[in-house]
Amino acid sequence: MVLATVRTVVLTETISQIWWLWLWLWLWLLLWRFRLLRRADGPALRQPPAHRPGHGGAGPPRGPLARRGRYGGDAAPVLRAPAPPARRGNGLGPMSDPADTLAGMSDDVRLRPVEPDDLETFFEQEHDPEAVRRSHFPPRDRETFMTHWATKVLGDPGVLVRAVSVDGETAGNVVSWWMGDRRFIGYWLGRRYWGRGVGTRALALFLELERVRPLHADPHAANTGSVRLLERAGFRRAGTERHGDQKHIMLVLDADGARAS
């Protein structure tokens with residue numbers, strides 16, 4: 001009788017320990033999933049910088065932006081990209097390419113005029129540490145960033161700029177500007193949209209608006225995703241340039257260059 005009682009107590013304690021172990025495991029998995037979601041969609045991953053010459057495919061303009069051209073105002077049409085055939089992405093760079101469908105999203109990629117609320121999104125993107133690492137572009141403080149966008153992007157008639165939206169959410173931006181007698185293009189996407197084909201479709205739409213040829217881009221040499229994206233859009237390599245101690249690849253889209261599709 002005593003032996004049976006002991007066995008019952010031991011069995012009860014074992015079941016209790018297993019139950020508590022399962023409960024702690026479940027809570028740990030829940031916490032781990034919550035941290036992943038924050039990492040994927042948290043405010044630090046919302047969108048990026050004003051573009052700059054020399055960043056072509058990877059960030060904001062560097063230096064004076066323009067002296068001629070046009071800026072598409074509020075009356076500009078919203079362009080929609082057709083859904084491309086699915087293929088595997090490589091996840092490289094702030095605007096790397098391949099055309100997979102975004103998880104939980106449709107393929108509704110559009111360009112539209114930049115709205116005031118977009119600037120906060122772009123600012124947060126510029127401060128994403130991984131985007132900074134890949135683009136080799138140092139993030140700016142809020143005042144410098146907002147002043148740059150107000151005066152040298154939105155306030156310059158020689159700059160053509162569009163916000164990129166995916167399923168109605170702001171995903172990034174594409175910009176073109178004059179630097180001397182050369183026209184440059186630059187862009188930035190939030191990390192959530194990398195390697196999903198959004199860059200390919202956004203660039204194709206923008207090249208329908210930006211008709212100046214030749215068109216230049218100079219992503220950082222280490223930003224292989226942007227280099228490949230531009231080459232697929234018909235840009236050809238035209239040597240290298242250095243900005244300080246940083247090496248950049250110069251790419252040019254000629255009048256007969258193919259466009260991204």
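**Ala 163 and beyond**

Me: Which residues is Ala 163 in contact with, leaving aside neighbours within four places in sequence?
Reply: This is a predicted model. In it, Ala 163 is in contact with Arg 110, Leu 111, Arg 112, Pro 113, Val 114, Asp 118, Phe 122, Gly 172 and Asn 173, once neighbours within four places in sequence are left aside.

Me: Where does Ala 163 lie? And is Ala 163 buried or exposed?
Reply: Ala 163 lies in strand 3, which covers residues 160-166. Its relative accessible area is 0%, so Ala 163 is buried, the cut-off being under 20%.

Me: What separates the C-alpha atoms of Ala 163 and Val 114?
Reply: They are 5.1 Å apart, while the two residues are 49 residues apart along the chain.

Me: What about the chain as a whole, how many helices and strands?
Reply: The protein chain has 6 helices and 8 strands. From the N terminus on, the order is α-β-β-α-α-α-β-β-β-α-β-α-β-β. Buried residues account for 48% of the 261 residues. The chain exposes about 13300 Å², with carbon and sulfur atoms supplying 59% of that.

Me: What share of the contacts join residues at least 24 apart?
Reply: 71%, counting contacts between residues at least 6 apart in sequence.

Me: Switching to helix 6. Which of its residues are buried?
Reply: Helix 6 spans residues 224-232, and its buried residues are Gly 225, Ser 226, Val 227, Leu 229 and Leu 230. These pack against strand 5 (182-189), helix 5 (198-209), strand 6 (215-217), strand 7 (236-243) and strand 8 (246-253). Just after the helix, Gly 234 has a positive phi of about 105°.

Me: Where is Asp 218? Buried or exposed?
Reply: Asp 218 is in the loop between strand 6 and helix 6. Asp 218 counts as buried because its relative accessibility is 1%.

Me: What does the side chain of Asp 218 make a polar contact with?
Reply: With the side chain of His 243, at 2.9 Å.

Me: What is the mean pLDDT?
Reply: The mean for the protein chain is 75, and 60% of its residues reach 70 or more. Over residues 34-77 the pLDDT is below 50, yet this stretch has 181 contacts in the model beyond near neighbours in sequence. For residues 82-93 pLDDT also stays under 50, with 31 contacts beyond four places in sequence.

Me: What should not be read in detail there?
Reply: The predicted coordinates, where pLDDT is low.

Methods. Residues are numbered from 1 along each chain as its sequence is written. This is a predicted model: local features need pLDDT of at least 70, side-chain atom pairs count only at pLDDT 80 or more; totals for chains, interfaces and linings use all residues. Side-chain values use heavy atoms; hydrogens and water are left out. Buried means under 20% relative accessible area, exposed over 50%, partly exposed in between (1.4 Å probe, protein chains only). Helices (H or I, at least four residues) and strands (E, at least two) are DSSP runs, numbered from the N terminus. Contact means heavy atoms within 4.5 Å. A polar contact is a pair of N or O atoms within 3.5 Å; within protein, one must be able to donate a hydrogen and the other to accept it, and residues adjacent in sequence count only if both atoms are side-chain atoms. Accessible areas come from the Shrake-Rupley method with a 1.4 Å probe; for residues, only the protein chains shown count as cover. pLDDT is the predictor's confidence in each residue, from 0 to 100.
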